[in-house]
Each structure stands twice: as structure tokens, then as C-alpha cells.
Amino acid sequence: MADLSVTLAGVTLKNPIIPASGTFGYGREFAEVYDLDLLGSFSWKGTTRDPRPGNLQPRIAETAAGMLNAVGLQNPGMEAVLREEVPHIASIFHGPVIANVCGFSVEEYAENCRALEDAEQVKLLEVNISCPNVHAGGKNFGSDPHAAAAVTRAVRAATKKPVFMKLSPNVTDITEIARACADEGADGLCLINTLLGMRIDLNTKRPLLANRTGGLSGPAVFPVALRMVWDVYEAVPGLPIIGCGGVASAEDAAEMMLAGASAVEVGAANLRDPCACKTIIENLPGVCERLGVDKISDLTGGAHHGE
């Protein structure tokens, strides 16, 4: 059987499959469905310094080959997560955890990363500069290379843990943002977050979402995510990438790795099928056998070299 282990900035995962932030909470509900120790890791719900109730309802809308969400970073705040969620995670998952960190100022990003320094199970910080569902903070930081660089510089100085910057696709050139983060010391990158979109209710003639716009995720975004992972892999060679966006099968995961990802996050698929990640992991050995690789990590970047 193929070796499914991968390494991200010195952190070894038993396989490359990671439930994406925003679709897995802090693991509580999914632990009732299957053994979370099957996972390579999981990225917990985007966490801000202060509690957030999120956006007004409705904040979910279906669309062809995907969904729109405008949840608005609903979370209990960093203090509550450290007090209640971190100890509980240790009881349901025994691998390395990725903390998704959000903020509305450079100082808040740094403060949140600093607060996680003593959380032993948190091995990687995924700094979300790309959420399109709030009116300040994430979107602005993720769409300007200077702002992205400022956040990267601040969080890099605030923690000894590996820092992965999560990038927005809602930009003209994602490689410009990637280079800015790399130049300021990012240990890796995660891409992509959701694409900005909207739907209109024909009966009310009003937007379906109370927030008007939301983030598009699901299979519809996979080709866009794949192209951006490819471009960033070439723009910042040697920097590990977590590929994310529309991954729904073991074949999708392999394709994302061939484009340049070292590991893969699975988002909307978890909402459609709570066992999506489990099924993908179970199918990975067969995909590796079909592709003729003994180590799944050998897939990373393979399409760039015709391998």
C-alpha cells in the first residue's frame, strides 16, 4: 500500500486530507460520525479575538454545482476556544491541528497567533486574510499585496509555529499576493478561499442572502482553484501549498497535488456528506496504485514536469 504521509513545514501528517475551516467547526459533530484520527489534520473554524454572532439570516443559498455562504465568521472568540474547544479537541483527535486565525487589524492577527503559542496540539496556523463575507478585515487584507505582507510580517514575528497564509481568489493576480507573503516569511500558503457571488430570489426580486453576497464553494470552483494552485506553485517554488476549493474525491485530491499542493483541504463536500473526508482517504491508496506512485507526496507538482 502506498505511503500516504506528507509534510507541511516540518509537520508530518499521516495523509494529505484536511477538512477545511468553516465546514468542520471544532470537530465535535463529526467525531460522532467517524474516528477523526483517520484524518491528516483538520482546520478549525475561523476564530477571531472577540465572539461574533455572524451575519443575519438567510446566509446559505444553493447554486448549481455548489453553494453560497455568508456566515460572517460566527465563532465564540479566542478565549472561549482556548478554554473549551482546545481541551475537547485533544479528546477526539490525536494528530496535529491547524488553527484558522482571523482578524480585523494587523494587531489582532498578531494577538491571536500569540495566544495560540502554548496550545501544544496546534501545530500550524492558517491565517485567513481572504474571507469575503465581512465588511472589514479579511477581504481588504487579502486583496492588497502590501496589506497581506503587513499581516504576514506581524504574525511571523508573533509566533514560532509555522504560518500558512490563506489567500483569496478575488484578486487580479493571486501570485502577486503569494509572493508578498513569501517575502515576509510565510512558511506556506493555503488557497483558495471562496469566490464572491450572489443569487436573486425571483419571487421577492431581492438577493437570496441577507448579506447580498456570499462565498461560492463546491465543485464549481475546482478548476479555478486548480489553476491558482498551479500558478502559485510556479511563482513561489519550494513553499508548501495546501490546495483547497471544490475537492470532493480522491481523484480531485490527486489532481490538486499534481498541480502543486502538498496537502488538500476538503470544504463543501463535508456539508453534503459528513463522511466525505473518510471516503476520500479510503480511496487514496487505489488512486496511488492507478497512478503508479508508492508515496503520495511524489504527486506534488508532478504535472509541471510531466511525471
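I take buried to mean under 20% relative accessible area, exposed over 50% and partly exposed in between, with a 1.4 Å probe and protein chains only. By that rule, 57% of the 307 residues of the protein count as buried.

The model is predicted, so I note that local features need pLDDT of at least 70, side-chain atom pairs count only at pLDDT 80 or more, and totals for chains, interfaces and linings use all residues. Residues are numbered from 1 along each chain as its sequence is written, and side-chain values use heavy atoms, with hydrogens and water left out.

**Overall form.** I checked the radius of gyration, taken over C-alpha atoms, against the globule rule of 2.2 Å times the number of residues to the power 0.38. For 307 residues a compact globule would have a value near 19 Å, and the 18 Å of the protein agrees. I also looked up the box filled by the C-alpha atoms, which is roughly 50 × 45 × 40 Å along the principal axes.

**Core.** I searched for nonpolar cores, meaning sets of buried Ala, Val, Leu, Ile, Met, Phe, Trp, Tyr and Cys residues joined through side-chain atoms within 4.5 Å. The largest has 88 residues, and Trp44, Ile129, Met165, Leu167, Leu189 and Leu191 have the most contacts inside it. Helix H10 (residues 276-291) gives this core its largest share, 7 residues.

**Elements.** I counted DSSP runs, with helices (H or I) of at least four residues and strands (E) of at least two, numbered from the N terminus. The protein has 10 helices and 15 strands.

**Contacts.** I set contact as heavy atoms within 4.5 Å. Among contacts between residues at least 6 apart in sequence, 72% join residues at least 24 apart.
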